[in-house]
Amino acid sequence: MAASGRIIRGISSLFSRKCCSSFLPSKSPILSSNAILRYNTTESSPTIKKVDAVATSSLMDFGLYVAECMPKYVQKVQIVTGNELEVLVAPDGIVPVLHFLKDHHQCQFASLADIGAMDVPSRENRFEIIYNLLSLRFNSRIRVKSYTDELTPVDSCYEVFKAADWYEREIWDMYGVFFANHPDLRRILTDYGFEGHPFRKDFPLTGYVEVRYDDEVKRVVVEPVELAQEFRKFDLSSPWETFPNLRTLPAGTEEDLKATQTGPAKQ
Amino acid sequence: MTIVNQDTSLGILINSYSRAGFRLSNGMMAIGPIAIFPKSVLSWDVNTAEDINEESLSLFYTLEPKIDILVIGVGNPGQQVSSKIIQYMKEKHISLEISPTETACATYNFLNAEGRCVAGALIPPTQYRISEDDIASTKRRNRDMMKVDDFPIV
């Protein structure tokens, strides 16, 4: 039993990607620190996520590798909340970068977990489109972020990931970001005659219209919203510190691409 | 879909569409663009989606009781309806649901089945996907399932 366990762990370390070079078959099956569960009674704050510096640096190496492979589109690479890799791309490069991440042998992010968007009205390109990818082969995640404004369409990544179909419909419905070459871009969550894009920051919480059943005309009518009570905003801050364990958090690390790029930057 | 469409209490529903027109659940076939209501169907005098103007939509906003939603099927995907018309209908307090005819037929069907006050303005599409099932049901209708032909009749 113990021997088979060691062989399994050896195989998993064979597949783990410690640096961006190819597999290291000569690596002995040493247990990595996060491979087994063990009760550690000397731990001081078990609820705080531990930041593994080795894993973070190898993640950063991989991010720089992606930036070197796609220098035309990748604008920035960053690591947020300790262990999440984000690649910031120009909107023209969404489909090429996603194609690269899906099909390249060292990446193999074949699973599109989610597409989300974020509205920051103060920016010129107010919407940020966020693609979350998962690599089953290497057990890692990556986030690809891009930007657009209200009028500029974004290329749909339906040819790369079929799962993008409904996610992009949702972003169209909720934010109003148009996806070009989408097979069937129409509303998915809002009601059929609904106007507006609810997740935008300038759309009010209560909306503009309300529906009620009118007994006189015997059907549901749509009317402008009337609040019986004015909107109350509660200030829930308390004078006492709520999370003393989280006083210091690991900062996100960014790598300045111009400093590390040698070949491609010289073009 | 065919079984659901046979419930006559729901009103007229669309069974299928083609380049020529639409087959409805009451057995009728309507040729060309149609304006369809729960209890009646009319032929609609419009060429393409861009030709929709206030006059072609005048029927929908003069009706009583006022319809909630007008489902517009623009034919092929990519056809646009002029934004002035969209604005105009918004002023008349009729919500629009503009989409390619393939999805507009289904939208009209289940909005009608839900019991909402909906009308449909549908233009037959010229390009659409044909499945094996469509070819088989056409043959069954024409009673020549045994015949092998080069050009599928739709």
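**Chain B and the cysteines of a predicted model**

Among contacts in chain B (heavy atoms within 4.5 Å) between residues at least 6 apart in sequence, 63% join residues at least 24 apart. This is a predicted model, in which local features need pLDDT of at least 70 and side-chain atom pairs count only at pLDDT 80 or more, while totals for chains, interfaces and linings use all residues. Residues are numbered from 1 along each chain as its sequence is written, chains are lettered from A and ligands numbered from 1 in the order in which they are written, and side-chain values use heavy atoms, with hydrogens and water left out.

Chain B has five helices and eight strands, which are DSSP runs numbered from the N terminus (helices H or I, at least four residues; strands E, at least two). Read from the N terminus, their order is α-β-β-β-β-β-α-β-α-β-α-β-α. The radius of gyration of chain B, taken over C-alpha atoms, is 16 Å, close to the 15 Å that the globule rule (2.2 Å times the number of residues to the power 0.38) gives for 154 residues, so chain B is as compact as a globular protein of that length. Its C-alpha trace spans about 55 × 35 × 20 Å along the principal axes of chain B.

Turning to the cysteines, the structure holds zero disulfides over all chains, a disulfide being a pair of cysteine sulfur atoms within 2.5 Å. The sulfur of A:Cys69 lies 6.8 Å from the closest cysteine sulfur, in A:Cys107, which is too far for a bond. B:Cys117 is likewise in no disulfide, and the nearest cysteine sulfur, that of B:Cys105, is 20 Å away.
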